[in-house]
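Hi there,

I'm passing this structure on to you, as promised. Please have a look at it first, and then read my notes below.

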Amino acid sequence: CWVCLGDLAIKKHIQSEKNVTAFSPDDQYETSTYLVEHFLEAGSPTLIHGDGSTGKSYLCLYMAVRAALGLDFFGKKTTPFKTLYVDHEATAQKLKNRLHRNANGLKLPFSSLVEHVHWYKPEGSLASEQEILARMIEDNGYGAIIVDAGASASGGSPMDEKAVLSMFTALDHLPCAKLVIHHEPKEASAA
């Protein structure tokens with residue numbers, strides 16, 4: 001299980017930390033800033049996991065489109081943001097077709113969406129593309145990235161603890177909200 005392995009990698013990393021902070025009962029609560037209320041937190045990773053071909057990519061794109069237009073997402077308030085769709089699996093044409101479907105469903109012209117969602121096909125793992133992505137995010141003002149799909153973005157097997165931890169470490173250094181789409185590898189779900 002990729003999520004469980006990621007948790008294990010993070011726990012090992014935390015256990016190896018040399019600096020430990022003890023909290024005080026007087027510590028103040030800091031509110032989180034959400035781009036999508038109680039779902040997509042600014043600066044933090046969010047993971048969507050499910051079987052392949054169940055609509056995760058459509059759901060995430062729909063969220064990005066609605067938020068970009070300042071529309072709620074299933075009753076949750078949104079803060080408008082621009083999205084970079086980092087696609088390890090599909091083509092630009094496939095995302096363009098999905099954007100057209102979103103525009104049609106919202107009864108909007110396609111041209112009203114193209115400035116809000118951009119597509120990028122990485123040449124390597126998320127860790128190897130970290131500097132490129134960080135520069136793209138800052139130069140273009142992306143408030144969020146959608147990474148499709150997590151296993152491919154890790155650059156290794158979803159069971160490879162180092163690859164998964166490397167991906168999450170790279171995500172942590174990107175200056176925006178991160179939405180990672182993950183599904184079990186096709187061969188694992190067929191077994």
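Let me start with Ile146, which, leaving aside its neighbours within four places in sequence, is in contact with Cys60, Leu61, Ala64, Thr83, Leu84, Tyr85, Val86, Leu179 and Ile181. Contact here means heavy atoms within 4.5 Å.

Before going further, a word on the source. This is a predicted model, in which local features need pLDDT of at least 70 and side-chain atom pairs count only at pLDDT 80 or more, while totals for chains, interfaces and linings use all residues. Residues are numbered from 1 along each chain as its sequence is written, and side-chain values use heavy atoms, with hydrogens and water left out.

**The cores**

Ile146 is also among the residues with the most contacts inside the largest nonpolar core, a group that includes Leu40, Leu61, Met63, Val65, Phe81 and Leu179 as well; this core has 24 residues. A nonpolar core is a set of buried Ala, Val, Leu, Ile, Met, Phe, Trp, Tyr and Cys residues joined through side-chain atoms within 4.5 Å. Buried means under 20% relative accessible area, exposed over 50%, and partly exposed in between, with a 1.4 Å probe and protein chains only. At least two residues of this core come from each of strand E1 (34-36), helix H2 (56-68), helix H3 (92-105), E6 and E7. The most is given by H2, with six residues. Another core, of 16 residues, lies apart from it, and Val86, Ile137, Leu174 and Cys176 are among its members.

**The overall picture**

Across the protein there are seven helices and seven strands. Both are DSSP runs numbered from the N terminus: helices are H or I with at least four residues, strands are E with at least two. Along the sequence the pattern reads α-β-β-β-α-β-α-β-α-β-α-α-β-α. The protein has 191 residues, of which 39% count as buried. Of the contacts between residues at least 6 apart in sequence, 75% join residues at least 24 apart.

**The sheet**

Five strands make an open sheet with parallel pairing, in the order E3-E7-E6-E4-E5. Two strands count as paired if DSSP finds at least two bridges between them.

E3 pairs with strand E7 (residues 177-182) in the parallel sense, over five bridges. Across this pairing, Ile48 stands opposite Ile181, and Thr46 stands opposite Leu179. Thr46 and Ile48 belong to the covered face of E3, whereas Pro45, Leu47 and His49 make up the uncovered one.

**Ser57 and Arg98**

Ser57 is found in helix H2 and Arg98 in helix H3. Are they buried or exposed? Ser57 is buried, at a relative accessible area of 15%, and Arg98 is buried too, at 14%. The two are 41 residues apart in sequence and 9.3 Å apart in space, C-alpha to C-alpha. Not counting residues up to four places away in sequence, Ser57 touches Tyr85, Arg98, Asp148 and Ile181, and Arg98 touches Ser57, Tyr58, Leu61 and Tyr85.

Arg98 also lies over the face of Tyr58, at 4.5 Å from the ring centre. Elsewhere, the charged end of Lys82 sits over the ring of Tyr142, 5.4 Å from its centre. The rule for a charge over a ring is that NZ of Lys or CZ of Arg is within 6 Å of the ring centre and within 35 degrees of the ring normal.

**The aromatic rings**

Rings of Phe, Tyr and Trp (its six-membered ring) pair if their centres lie within 6.5 Å; planes under 30 degrees apart count as stacked, over 60 as edge-to-face and the rest as tilted. By this rule there are four aromatic pairs. One of them is the edge-to-face pair of Phe73 and Phe74, at 4.8 Å centre to centre with 65 degrees between the planes. Phe73 counts as buried, at 9% relative accessibility, while Phe74 counts as exposed, at 62%. Ring pairs also link Phe39, Tyr62, Phe73 and Phe74 into a cluster.
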